[in-house]
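This note is intended for a colleague who is meeting the structure for the first time.

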Amino acid sequence: MATRCCDFGPEVASQHHSLGSCRVRGSFAALCGATAEALLDAAEVGAGTRVLDIGTGPGTVAAAALVRGAGVVAVDAEPSMVAMAAANAPGAEVRHAVLPELPFSDSSFDAVVANFVVNHVEDPWAALIELRRVVRPGGRLAVTIWHDTGNEAMSLLNLALNEAGVERPVYPTLPVNFARTAEVLRGLLEQAGWGEVTSGELAWTHREDPEVWWSGPAGGVANIGLVVTGQTPAMFTRIKSVYDRLAAEQVAEDGLIDLPAVALLASGRCQVS
């Protein structure tokens, strides 16, 4: 069963849109940050664009937008991430904010981007409507989420848990859930009033050092990290031992492992009333 980067398992309902696994240095953050340039391209972010980065986390997308010469405002629901993004994206205005109520006036931005955020808010439709409110007529939106299938990035960690005999907890689902397909994501944007909507897949192979990849769950990141760190010391050691063996079987000559990933990227334009 495929899992999604920002939770790596059944999603937990949350008002927040700072998603642990995509918001830390190294490990999962590099995987999630791989979509930044495509996301900014889809939102037509360039020199002089005033762009809002929702759920900025460590500021990866915000920093990439600054390189393009954009004027960047970035928000996150977690104060620790606000501080991290401010350090990683100097020149951006970084603030605390939580969807679906943003502290900005109507038509404040030329573009808004949300990297792996829409699938974690309690009401994606309401969030997309709020994002349309803060974008000027003719402005752009681009969002990414993880695809329902095709993501093998978590298979190594999940296999280690299975072979170690770890029992998984049952997580509550979000109040408003939806299928992670290009068609459904496009429909969500259209229902929220966005025009000229397109949606498609982004596929790539993330290459990572096995120890760096392990550092995410070992540090308690995401649901899978809560499972790993919630074990007894003996079981934690057993999981790591199994993981090391499995990773050694997959490691390439350069010492890295290949982690195939598939995301969905959708974009639209704020229609003139």
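Predicted model: local features only at pLDDT ≥ 70, side-chain atom pairs only at ≥ 80, totals over all residues.

1. Helix H5 passes helix H7 in a right-handed crossing. The contact is made by Pro124, Trp125 and Leu128 on the H5 side and by Leu188, Leu189 and Gln191 on the H7 side. Sorted by class, the residues of this contact are five nonpolar, one polar and none charged. H5 covers residues 124-133 and H7 residues 182-191; their axes come within 9 Å and cross at roughly 55°. That angle makes H5 oblique to H7.

2. The chain has 273 residues, of which 53% are buried. Ten helices and seven strands make up its secondary structure elements. Among the contacts with a separation of 6 or more, 78% are between residues 24 or more positions apart.

3. Helix H10 takes part in two of the helix pairs described here, and its pairing with H6 comes up here. Helix H6, residues 155-164, packs against H10 at an angle of about 130°, and the axes are 8 Å apart. H6 and H10 are therefore oblique to each other. The crossing of H6 with H10 is right-handed. From H6, the contact draws on Leu156, Leu157, Leu159, Ala160, Leu161, Glu163 and Ala164; from H10, it draws on Met235, Arg238, Ile239, Val242, Tyr243, Arg245, Leu246, Ala247 and Gln250. These residues divide into twelve nonpolar, one polar and three charged.

4. H10 also meets helix H8. The axes of H8 (residues 210-218) and H10 (residues 233-250) come within 11 Å and cross at roughly 150°. Because the angle is over 145 degrees, H8 is roughly antiparallel to H10. This crossing, too, is right-handed. In H8 the residues involved are Pro210, Glu211, Trp213, Trp214 and Ala218, and they meet Phe236, Ile239, Lys240, Tyr243, Asp244 and Ala247 in H10. Eight residues of the contact are nonpolar, none is polar and three are charged.

5. Side chains of opposite charge can pair when their charged atoms come close. The structure holds 15 salt bridges. One of them joins Arg140 to Glu44, with 3.9 Å between the closest N and O atoms. Arg140 lies in strand E5 (residues 135-146) and Glu44 in the loop between helix H2 (36-42) and strand E1 (50-54), so the pair ties together parts of the chain that are 96 residues apart in sequence. Which of the two partners is buried, and which is partly exposed? Arg140 is buried, with a relative accessible area of 8%, whereas Glu44 is partly exposed at 47%.

6. Glu44 also forms a salt bridge with Arg269, at 3.2 Å from N to O. This pair links distant parts of the chain: Arg269 lies in strand E7 (residues 257-270), and 225 residues separate it from Glu44 in the loop between H2 and E1. Arg269 counts as partly exposed, with 22% relative accessibility.

7. A further salt bridge brings together the side chains of Arg95 and Glu93, at 3.6 Å from N to O. Both partners count as partly exposed: Arg95 has a relative accessibility of 30% and Glu93 one of 37%. Elsewhere, salt bridges that share partners join Glu44, Arg140, Glu196 and Arg269 into one network.

8. Most residues other than glycine have a negative phi, and most peptide bonds are trans. Glu44, although not a glycine, has a positive phi of about 60°. Glu196 likewise is not a glycine and has a positive phi, of about 50°. Where does Glu196 lie? Its place is in strand E6, residues 194-208. Glu196 is exposed, with a relative accessible area of 56%.

9. The bond joining Leu99 and Pro100 is cis, with omega about 10°. Pro100 is found in the loop between strand E3 (93-96) and strand E4 (109-115).

Note on methods
Residues numbered from 1 in each chain as written. Heavy atoms only, no water. Axes fitted to C-alpha atoms, helices over the stretch in contact; angles between N-to-C directions. Helix = DSSP H or I, 4+ residues; strand = E, 2+ residues; numbered from the N terminus. Parallel < 35°, antiparallel > 145°, perpendicular 65-115°, else oblique. Left-handed = near helix turned anticlockwise from the far one by under 90°. Contact = heavy atoms within 4.5 Å. Nonpolar A, V, L, I, M, F, W, Y, C, P; charged D, E, K, R; others polar. Salt bridge = Lys/Arg side-chain N within 4 Å of Asp/Glu carboxyl O. Buried < 20%, exposed > 50% of the residue type's maximum accessible area, 1.4 Å probe, protein only.
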